[in-house]
There are 2 protein chains.
Amino acid sequence: MRYDNTIYDMIYSSELIKGTLKTIILKLLKDNKRMYGYEITQRVKELTNDRIQLTEGALYPSLHALEADGVLTTETEYIGKRVRKYYSLSPKGKSLTKEKISEFADFMNTMKFLLDIKTDIA
Amino acid sequence: MRYDNTIYDMIYSSELIKGTLKTIILKLLKDNKRMYGYEITQRVKELTNDRIQLTEGALYPSLHALEADGVLTTETEYIGKRVRKYYSLSPKGKSLTKEKISEFADFMNTMKFLLDIKTDIA
DNA sequence: CAAATATACATCAGATTCTTATGTATTGGA
DNA sequence: TCCAATACATAAGAATCTGATGTATATTTG
């Protein structure tokens with residue numbers, strides 16, 4: 001299943017996505033146990049009908065930072081001769097995920113009020 | 001009227017507010033015809049129950065940039081001996097406001113979907 | 001009435017984080 | 001055999017925020 005609504009040609013200005021990258025990564029890892037970087041970019045692109053396109057230059061440094069903070073753990077595997085680095089949530093990562101998602105949910109409510117937006121999704 | 005919900009002690013991490021500053025400024029000016037910088041910080045703080053606290057170091061440069069882009073116009077007034085700089089939306093600013101708000105509304109829907117999904121993809 | 005706080009503008013060094021390449025290498029398809 | 005896709009990574013420059021500092025007037029409080 002992917003996200004669907006009427007406006008198909010919208011791509012968000014990059015500044016909008018700022019501040020949500022880590023939350024998106026954490027949420028995907030919560031649902032999928034383990035994923036690798038390239039897979040995350042493709043999944044997000046697919047799930048959002050190309051609205052959110054994570055660039056590798058933003059993604060990889062973020063993943064490295066989350067790993068350095070003890071939020072993510074990694075396993076490296078070889079698919080043929082090509083390396084693939086899987087990321088998973090550590091216990092710290094699991095609690096951070098909950099915090100981040102609830103913070104964002106609260107933020108959305110505040111912004112919805114502030115911008116006087118009528119949402120079309122229940 | 002101000003925003004109200006159960007969690008009263010939440011202050012959003014700064015990175016969340018990034019990318020929404022200009023949209024917030026534009027929306028307030030749309031509703032209030034003209035406002036000055038300090039007034040904007042106070043109004044946002046008040047409307048969001050202290051959740052969003054705009055810093056002057058972020059606000060003033062943003063206002064200057066919007067003015068330089070022809071989005072905002074200014075009038076300077078003196079209240080006693082103290083200067084006050086009022087900002088208003090230009091015609092360009094009015095259309096930008098609509099764009100920014102609808103973009104954010106769409107973004108919220110996408111994020112709501114993205115952060116709620118259960119991906120049990122085979 | 002003196003001191004502290006609030007009002008009101010502004011700038012800037014440093015930090016963070018994103019964009020946009022560039023780089024390396026393997027794999028699959030036309 | 002190329003070209004696109006897969007898959008990692010880094011890095012210069014750009015953009016923007018934080019937190020401090022600066023200046024000045026107005027108001028409140030002890």
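Which residue takes a positive phi in the hairpin of S2(A) and S3(A)? I looked it up: Gly80(A), with phi near 65°, and the hairpin has two residues between the strands.

Notes on the source: this is a predicted model, so I kept in mind that local features need pLDDT of at least 70, side-chain atom pairs count only at pLDDT 80 or more, and totals for chains, interfaces and linings use all residues. Residues are numbered from 1 along each chain as its sequence is written, chains are lettered from A and ligands numbered from 1 in the order in which they are written, and side-chain values use heavy atoms, with hydrogens and water left out.

Next, the sheet. I find three strands of chain A in an open, antiparallel sheet, ordered S1-S3-S2. Strands here are DSSP runs of E with at least two residues, helices are runs of H or I with at least four, and both are numbered from the N terminus; two strands pair if DSSP finds at least two bridges between them. S1 (34-36) and S2 (72-79) of chain A each have a single partner strand, so one side of each lacks a neighbour in the sheet. Neighbouring strands are turned by 35° against each other on average, direction ignored.

Then the pairings. S2(A) and S3(A) are joined by eight bridges, and I noted Thr74(A) opposite Tyr87(A) there. S1(A) has three bridges to S3(A), residues 82-89; Arg34(A) has Ser88(A) as its bridge partner.

Last, the helices. H2(A), residues 21-32, touches S1, S2 and S3 of chain A (contact: heavy atoms within 4.5 Å) and makes about 130° with S1(A). H3(A), residues 37-47, lies across S1 and S3 of chain A at about 95° to S1(A). Angles run from 0 to 180 degrees between N-to-C directions, with axes fitted to C-alpha atoms, for helices over the stretch in contact.
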